[in-house]
Amino acid sequence: MFVRLFYSVLKWVAIGPWLKLAFRPRVEGAENVPDEGPAILAGNHLSYADWLFMPLGLPRMVRFVAKAEYFTEPGVKGWFKKTFFSGTGNVPIDRSGANAAEGALLAARKVLDEGELFGIYPEGTRSHDGRLYRGKTGVARLALITKAPVIPVAVLKTDEVAPPGKAFGRFAQPVVRFGKPLDFSRYEGLENDRYILRSITDEIMYEIMKLSGQEYVDMYANRAKELAKQQAVEPPAKPAA
């Protein structure tokens with residue numbers, strides 16, 4: 001009860017109206033999100049601000065997973081973080097262990113089993129260069145296990161509002177596009193088939209790409225970030241004499 005009340009106050013009174021006034025976000029396809037029942041909102045990930053703007057145009061709560069450190073930090077600052085993240089419906093997971101993916105899956109299942117909306121970023125991390133990267137198959141497993149529809153989502157220009165590594169960039173008008181629900185019931189019982197999981201994930205990423213207009217890179221985002229860092233520190237090759 002507290003979570004829903006706190007979430008409603010933030011969304012409709014304390015934060016949401018000011019975000020709308022300052023940034024005038026444009027929402028398209030909100031009618032594709034069901035008025036009730038579970039659904040997976042699978043989106044691209046350009047900025048930490050994505051989770052603020054994605055739910056803003058929907059009447060329902062959207063829940064995400066958040067790293068456990070947000071809920072365990074000591075002191076007054078830690079209390080405020082815990083209150084904010086728990087009050088906004090985020091579910092804590094430990095992302096440092098070997099079972100982080102399984103923990104996120106269990107948390108997501110609990111949210112969907114309760115008939116709520118669950119937001120997920122299949123890329124696994126924010127894009128460092130604005131391109132769309134290969135999706136991880138957890139979203140496919142989640143869809144098959146819970147039988148919840150997957151709604152592709154594209155959030156644009158949040159990387160201008162809050163660029164990677166910065167708290168704030170500049171004022172821009174974010175765009176949130178919700179695509180048609182994707183039904184994968186034809187694959188029921190195949191949640192452990194890695195080829196099926198890859199096929200489903202690629203279909204979801206293709207729909208996100210169509211909505212966002214981003215260039216697609218068939219590489220995991222974390223690997224792309226590592227390569228970009230390596231190229232930034234390596235000196236350019238000297239021309240042959």
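Tutor: A residue is called exposed when its relative accessible area is over 50%, and buried when that value is under 20%. Please keep in mind that this is a predicted model.

Student: Which exposed residues does the face of α1 turned away from its buried side carry?

Tutor: That face carries Leu5 and Val13, whereas the buried residues of the helix are Tyr7, Leu10 and Lys11. Seen down the axis of α1, the buried residues fall within an arc of 85°, so they line one face of the helix. The cover over these buried residues includes α2 (16-23), β3 (62-63) and α5 (75-87).

Student: Which residues of the largest nonpolar core touch the most other members?

Tutor: That core has 28 residues, of which Ile40, Val150, Phe184, Ile200 and Ile204 touch the most other members. Elements that give two or more residues to this core include β2 (39-43), β5 (91-93) and α7 (138-146), while α9 gives the most, with 6 residues. Not counting residues up to four places away in sequence, isoleucine 200 touches Ala140, Leu144, Phe184 and Tyr187. Apart from this core lies another, of 22 residues, among them Val62, Val155, Val161 and Ala162.

How values were computed
Residues numbered from 1 in each chain as written. Predicted model: local features only at pLDDT ≥ 70, side-chain atom pairs only at ≥ 80, totals over all residues. Heavy atoms only, no water. Buried < 20%, exposed > 50% of the residue type's maximum accessible area, 1.4 Å probe, protein only. Helix = DSSP H or I, 4+ residues; strand = E, 2+ residues; numbered from the N terminus. Arc of directions from axis to C-beta. Contact = heavy atoms within 4.5 Å. Core = buried A, V, L, I, M, F, W, Y, C linked by side-chain atoms within 4.5 Å.
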